[in-house]
Amino acid sequence: MVKGRQGERARLYVRGTILGYKRSKSNQYPNTSLIQIEDVNTQEQVAWYFGKRMAYIYKAKVKKNGSHFRCIWGKVTRSHGNSGVVRAKFKSNLPPKSMIGLGFSCTRVTFEVDALFELSNDVPSDA
């Protein structure tokens, strides 16, 4: 939090659900994943997310760099259909285990630039 700022902390990410890989009738293309972003239901809403970075965060058994959590970074490339689903490419392909269908996943879309802009607008200037 910014020093002297009052109120609740703002969440700077949005959850999403991994639906699967891009596919045709008989082939699937694991280099492109389909992600349903929470509370995004139209193509107009999806347009804001183009180019934004995503992180698939998962927990591993073996500790690495002092943490059990690992991350695969990706980027939203385009929309998929009319219902708010996006296509995303990750640095390495998402594992099939990420698509178990638990109802939610730990995919996050970060908004670092926009959050800094909002914080700079909230701080009153002395000049």
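In which strand is the place of Thr32? Thr32 has its place in strand β2, and the model described here is a predicted one, in which local features need pLDDT of at least 70, side-chain atom pairs count only at pLDDT 80 or more, and totals for chains, interfaces and linings use all residues. Residues are numbered from 1 along each chain as its sequence is written, and side-chain values use heavy atoms, with hydrogens and water left out. The protein chain contains two helices and six strands; helices (H or I, at least four residues) and strands (E, at least two) are DSSP runs, numbered from the N terminus.

**Chain overview**

- Along the sequence, the elements of the protein chain come in the pattern β-β-α-β-β-β-β-α.
- Of the 127 residues in the protein chain, 28% are buried; buried means under 20% relative accessible area, exposed over 50%, and partly exposed in between (1.4 Å probe, protein chains only).
- Among contacts in the protein chain with a separation of 6 or more, 56% are between residues 24 or more positions apart; a contact means heavy atoms within 4.5 Å.

**Strand pairing**

- Strands β1 (residues 13–23) and β2 (residues 28–37) run antiparallel and are joined by seven bridges; two strands pair if DSSP finds at least two bridges between them.
- β1 and β2 make a hairpin with four residues between them, and Thr17 stands opposite Gln36 in β2.
- On to β5 (residues 85–90), β2 is joined by four bridges, again in an antiparallel arrangement. Here Ile35 stands opposite Val86 in β5.
- β4 and β5 pair in the antiparallel sense over six bridges, with Val76 opposite Ala88 in β5.
- The hairpin of β4 and β5 has four residues between the strands, and Gly81 in its turn has a positive phi of about 85°.

**Core and buried positions**

- The largest nonpolar core has 15 residues, and Ile35, Ile37 and Phe90 are those with the most contacts inside it. At least two residues of this core come from each of β1, β2, β3 (53–64), β4 (67–80) and β5. The strand that gives the most to this core is β5, with three residues.
- A nonpolar core is a set of buried Ala, Val, Leu, Ile, Met, Phe, Trp, Tyr and Cys residues joined through side-chain atoms within 4.5 Å.
- β5 is mostly covered, as five of its six residues are buried.
- Leaving aside neighbours within four places in sequence, Ile37 is in contact with Val14, Arg15, Gly16, Tyr49, Gly84 and Val86.
- Thr32 is buried, because its relative accessible area is 5%. Apart from neighbours within four places in sequence, Thr32 is in contact with Tyr21, Lys22, Arg87, Ala88 and Lys89.

**Aromatic rings and charges**

- A pair of aromatic rings is described by the distance of the centres and the angle of the planes.
- Rings of Phe, Tyr and Trp (its six-membered ring) pair if their centres lie within 6.5 Å; planes under 30 degrees apart count as stacked, over 60 as edge-to-face and the rest as tilted.
- The count by this rule is two aromatic pairs. In one, Trp48 and Tyr49 have ring centres 5.2 Å apart and planes at 85°, so the pair is edge-to-face.
- Trp48 is partly exposed, with a relative accessible area of 42%, whereas Tyr49 counts as buried at 10% relative accessibility.
- Tyr56 and Tyr58 have ring centres 5.6 Å apart and planes at 20°, so the pair is stacked.
- Tyr56 is buried with a relative accessible area of 11%, and Tyr58 is partly exposed with 30%.
- The charged end of Lys52 sits over the ring of Trp48, 4.2 Å from the ring centre. A charge sits over a ring if NZ of Lys or CZ of Arg is within 6 Å of the ring centre and within 35 degrees of the ring normal.
- Lys22 lies over the face of Tyr29, at 5.4 Å from the ring centre.
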